[in-house]
Amino acid sequence: METKARARRGTSPGRKRPRAGKGWSEEAADEDGRRAAVREQKEKVRRAQHLALLAETPAAERGLEELVFGDVDDGGDLLERLRGSSAQVSDAVSGDLLERESGDSEVESETEDNSLSSKKPVWVDEEDEMEEIIDMTHRYRKNMMKSDAEKKLTKKRLQIRLQEQFQRAMGATPSWAQRDIQKKVRKRKNEEDSEDDEDDDLLCKTGNFVTMSDSLPRGILQMKNCLHANNERQSDAKLTTVQFHPSAQVIMTAGLDRCVSLFQVDGVSNPKIQSIHLEDFPIYKARFSADGEQVIATSIRSKLFYIYDMMGGKIIPVNHIRGLEEKFIRKFEVSPDGTFLLLNGTSGYLHLLTMKTKELIGSMKINGRAVVSSFSQDGSRIYTHSGEGEVFIWDVKSRRCLNRFTDEGCLRGTSIAISKNSQYVACGSSSGVVNVYAHDDCLKETSPKPLKAIMNLVTAATSLSFNPTTEILAMASNQVDDAVKLVHLPSLTVFSNFPVFRRKLIYLANSMDFSPRSGYFSIANSKGKALLYRLKHYSDF
């Protein structure tokens, strides 16, 4: 019982409780000293074992361990580094953490950028850097070679060559190919508008500051000789008519071979669309209607004329017109608004018909013989050049003569043309002189003075034609080979490079016409060919 009681009190029977006071503290200090000595002895043993292991390990491993953990003898330094990291944590708590984090992020971003820039591709294909070489001697590409040195071209250069060839043929880059360019231009404009910098554009660009003017320059006309418009069906007889379609990229030819032919104009192959043969009907003149859906054709000695409906594919003969007493119908004009058809009759008569029903509306008569007539651009007036050298101006609605003037120096009128902007009136005579008048003077005066008398033709000026922009006047004679001249407006000077000197290419010119936007010019000659020229100044057809 006594033993159990002592166990509960925590005392042993053979051990006495030390006395309180000085003796107890000395014993405790001795105990701590002994424990410290034991720990030091154990640490020495551990270090000795570690040094033995280091002696056995390779030098590379020892270097890595010293780099990561430090030297064995630098245990205090390691503790100091650890204490320093804890001190950084305490500094972050005190408010320096934000500054340190921002600095660390900048350092990290710099290291990331350096690592990205220093990265190299794992594998590089040498064929990707090589340009593909195209053989230009192939039969499909041989025509695109400019010289023998271009037997092989890179794929990029061939693409540029094809684009240039397409633009030369079509006259300009089509709208579907300009979408990306327009987007880039629009984006560039938005960027320029958003900029606050208002520096002068002249100081921000390099290159040529002098550019070509929009107006046609005088002196030299930049043009290219293309494949004949009717190359796929050339006529054995002379052509009497050539005309471009008013809205489509189509040209019509007609002549004494009794055929009316339609061709697509591309400047390269000019494929044939259709050809119509009229039995026993040598064609004197053929014209498109104003809407381009019909073709009117007259013959040399016939009262009959034909209407070809291109939309319905029908050929309609017009045998008789009630009230019209003419033996032959040859010369005619179609009004630009598509309302009227004007027939030149004998004995100075002019007959006005409706284009819709081909019925006679009324007739007008001049003193003398009506040689040739022409409508104004709006279709409100008719200009008639007589065989006596006088010009008559008629009002279409009232069929009343508005003015009558004498063509200066003209003995016999042979041709007349009105510019599309109603600024000029050109009158040709049998002597080859072409007088160019101001339109307003012709309406007011009876003896107007011409702006210029062009005397480059020595035989009768049988054909006159203004281009749609009123920058070129084409005049020709069908009595002498190569008697064709192009006159620059408003300078009224002749282009010196057309036709080519001492090279007979045109022969007798019977008809001429410009395309709707002046991109092409065609001449129908006596050899059955429709010569085609590309006017490079104009970008559209």
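Biologist: Which residue in E21 is the bridge partner of Gly413?
Modeller: Ser429 is the partner in E21. Strands here are DSSP runs of at least two residues, helices (H or I) of at least four, numbered from the N terminus. Residues are numbered from 1 along each chain as its sequence is written, and side-chain values use heavy atoms, without hydrogens or water. This is a predicted model, where local features need pLDDT of at least 70 and side-chain atom pairs pLDDT 80 or more, while totals for chains, interfaces and linings use all residues.

Biologist: Over how many bridges do E20 and E21 pair?
Modeller: Five, in the antiparallel sense. Two strands count as paired if DSSP finds at least two bridges between them.

Biologist: What is the strand order in that open sheet?
Modeller: E20-E21-E22-E23, with antiparallel pairing. Strand E20 (413-418) and strand E23 (452-454) are the edges, and each has a single partner, so one side of each has no neighbour in the sheet. Neighbouring strands are turned by 20 degrees against each other on average, direction ignored. The axes are lines fitted to C-alpha atoms (for helices over the stretch in contact), with angles from 0 to 180 degrees between N-to-C directions.

Biologist: Changing topic. How many residues of E29 are buried?
Modeller: Six of the six, so E29 is largely enclosed by the rest of the structure. Buried means under 20% relative accessible area, exposed over 50%, partly exposed in between, with a 1.4 Å probe and protein chains only. Tyr520, Ser522 and Ala524 point one way from E29, while Phe521, Ile523 and Asn525 point the other way.

Biologist: And what pairs with E29?
Modeller: E28 does, antiparallel over five bridges, and Met512 stands opposite Ile523. E30 also runs antiparallel to E29, joined by five bridges, with Ala530 as the bridge partner of Ala524.

Biologist: Which residues have a positive phi in those hairpins?
Modeller: Ser518, near 70 degrees, in the E28 and E29 hairpin, which has five residues between the strands. In the hairpin of E29 and E30, with four residues between them, Gly528 in the turn has a positive phi of about 80 degrees.

Biologist: Which residues have the most contacts inside the largest nonpolar core?
Modeller: Ile472, Phe498, Phe521 and Ile523, in a core of 20 residues. A core is a set of buried Ala, Val, Leu, Ile, Met, Phe, Trp, Tyr and Cys residues joined through side-chain atoms within 4.5 Å. The elements giving two or more residues to this core are strands E25 (472-476), E26 (484-488), E28 (509-514), E29 (520-525) and E30 (530-535).

Biologist: What is Ile472 in contact with?
Modeller: Leaving aside neighbours within four places in sequence, its contacts (heavy atoms within 4.5 Å) include Leu216, Leu221, Phe514 and Leu535.

Biologist: How are the rings of Phe498 and Phe521 arranged?
Modeller: Their centres are 6.4 Å apart and their planes at 75 degrees, so the pair is edge-to-face. Rings of Phe, Tyr and Trp (its six-membered ring) pair if their centres lie within 6.5 Å; planes under 30 degrees apart are stacked, over 60 edge-to-face and the rest tilted. Phe498 is in the loop between strand E27 (493-494) and E28, 23 residues from Phe521. Phe498, Phe514, Phe521 and Tyr533 form one aromatic cluster.

Biologist: Which ring does the charged end of Lys527 sit over?
Modeller: Tyr507, at 5.0 Å from the ring centre. The rule takes NZ of Lys or CZ of Arg within 6 Å of the ring centre and within 35 degrees of the ring normal. Lys365 lies over the face of Tyr349, at 5.7 Å.
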